[in-house]
Amino acid sequence: MSLNSEHASHIAQVLIEALPYIQRFKDKTLVIKYGGNAMVDEGLKNSFARDVVLLKAVGINPVIVHGGGPQIGDLLERIGKQSEFIGGMRVTDSETMDVVEMVLGGQVNKSIVNLINSHGGRAVGLTGKDGSLICAEKLHVSRNNDDPANNVSELIDLGHVGKVKSIDTSVIDMLTHSDFIPVIAPIGVGEDGQSYNINADLVAGKLAEVLQAEKLILLTNTAGLLDKEGQLLTGLNVKQVDELIEQGVIYGGMLPKIGCALDAVQAGVTTAHIIDGRVQHAVLLEMFTDEGVGTLIRGGGR
């Protein structure tokens with residue numbers, strides 16, 4: 001069946017609009033944090049995989065960092081182990097860490113690799129332990145005592161929860177230069193040989209910094225940053241984002257993502273994007289259209 005003239009014109013316009021972006025980002029590195037609805041909805045999973053394959057096909061180097069909190073919680077529940085969270089972070093004892101490694105480094109990582117490969121890509125799964133990719137250290141958190149008369153911070157032990165100490169990109173460089181797509185589970189190893197569970201947003205941000213990526217893209221279950229009237233905000237600089245935090249427009253669960261995006265652009269990543277992973281082909285729409293589907297943050301503006 002041949003295209004009618006209106007449909008043909010629309011397709012041609014889409015391709016023409018994408019061309020300058022494809023030219024601009026050729027040979028550039030793009031770090032994508034993959035999580036939320038895009039990881040569980042079948043249609044969204046397949047659209048994400050096709051997006052990644054297309055990016056690689058036009059000469060862009062995508063590097064994927066994924067989460068997997070719900071999947072970890074499901075397996076812990078099946079084995080009768082209660083999940084405990086403090087400040088939004090999972091308390092991770094040795095038994096829980098075994099489950100984290102099994103789920104993130106095994107089940108989730110390999111399912112993403114298989115999905116990308118089934119759409120014609122060449123993905124390779126890694127954890128931060130492979131090739132000494134992520135050197136981690138224990139994350140120490142504190143909280144204030146609930147007694148107002150005794151306002152002393154209490155140090156909380158979250159177990160095998162870590163933060164990024166350093167990143168060695170040798171294995172990623174080798175893979176991207178050989179036309180493979182790295183898919184990374186956010187597990188690091190400490191100098192003591194212990195494994196650590198690290199927030200995937202933080203790993204993606206630090207990886208983007210070290211790789212001096214063109215873009216950091218964080219897939220979320222929201223439309224992006226919204227103002228007090230619920231309108232999407234985009235094209236923001238660091239100063240504007242700081243003002244929005246002070247005004248209370250940015251709060252709660254969005255704050256860590258924003259902090260990750262700000263750190264990245266201030267460390268040399270050209271732009272960071274917080275995009276709506278509930279939209280099919282969200283990555284392509286953000287990369288190759290004038291409007292995009294989320295919030296763009298760029299460096300400078302202080």
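## Stop 1: Salt bridges

The count of salt bridges here comes to 10. Keep in mind as you explore that this is a predicted model. Why look for such pairs? Side chains of opposite charge can pair when their charged atoms come close.

Begin by selecting K138 and D157. They form a salt bridge, and their closest N and O atoms are 2.8 Å apart. Now trace the chain between them: K138 sits in strand β6 (residues 134–138), while D157 is in the loop between β8 (153–156) and β9 (162–167). The two residues are 19 apart, and the pair links distant parts of the chain. K138 has a relative accessible area of 25%, so it is partly exposed. D157 is at 55%, so this residue counts as exposed, because the exposed class begins over 50%.

Next, select E191 and K165. Here the closest N and O atoms of the salt bridge are 2.7 Å apart. E191 belongs to the loop between β11 (187–189) and β12 (195–197) and K165 to strand β9, so this bridge ties together parts that are 26 residues apart in sequence. Which side of the cut-offs does each partner fall on? E191, at 67% relative accessibility, is exposed, whereas K165, at 43%, is partly exposed.

Now move to R278 and D276, another salt bridge, with 2.8 Å between the closest N and O atoms. R278 is partly exposed, having a relative accessible area of 41%. Is D276 buried or exposed? With a relative accessible area of 9%, D276 is buried, because buried means under 20%.

To finish this stop, select K33, D201 and K257 together. Salt bridges that share partners join these three residues into one network. Leave K33 and D201 highlighted for the next stop.

## Stop 2: The largest pocket

The largest pocket has a volume of about 1,000 Å³. Its lining is made of 40 residues, and the closest to the centre are K33, G88, N199, A200 and D201. Select those five to bring the centre into view.

Then colour the elements around the pocket. β1 (29–34), α3 (69–78), β4 (89–90), α6 (200–211), β13 (215–220) and α8 (254–266) each supply at least two lining residues. Which element gives the most to the lining? That is α8, with 6 residues. If you colour the lining by class, you will find 19 nonpolar, 17 polar and 4 charged residues.

## Stop 3: A nonpolar patch

Zoom in on I11, which is found in helix α1 (residues 5–25). Its relative accessible area is 32%, so I11 is partly exposed.

## Stop 4: Two residues brought together

For the last stop, select S94 and H160. How far apart are their C-alpha atoms? The separation is 7.1 Å, although the residues are 66 apart along the chain. S94 lies in helix α4 (residues 94–118), and at 47% relative accessibility S94 counts as partly exposed.

Conventions: Residues are numbered from 1 along each chain as its sequence is written. This is a predicted model: local features need pLDDT of at least 70, side-chain atom pairs count only at pLDDT 80 or more; totals for chains, interfaces and linings use all residues. Side-chain values use heavy atoms; hydrogens and water are left out. Helices (H or I, at least four residues) and strands (E, at least two) are DSSP runs, numbered from the N terminus. Buried means under 20% relative accessible area, exposed over 50%, partly exposed in between (1.4 Å probe, protein chains only). On a 1 Å grid over the protein atoms alone, a cavity is a set of points where a 1.4 Å probe fits but cannot get out, and a pocket is an open set with protein on both sides within 12 Å along at least five of seven lines; lining residues have an atom within 4 Å of a point. Grid points are joined across faces, edges and corners, and a volume is the space filled by probe spheres set on the points. Ala, Val, Leu, Ile, Met, Phe, Trp, Tyr, Cys and Pro count as nonpolar, Asp, Glu, Lys and Arg as charged, and the others, Gly among them, as polar. A salt bridge is a side-chain nitrogen of Lys or Arg within 4 Å of a carboxyl oxygen of Asp or Glu.
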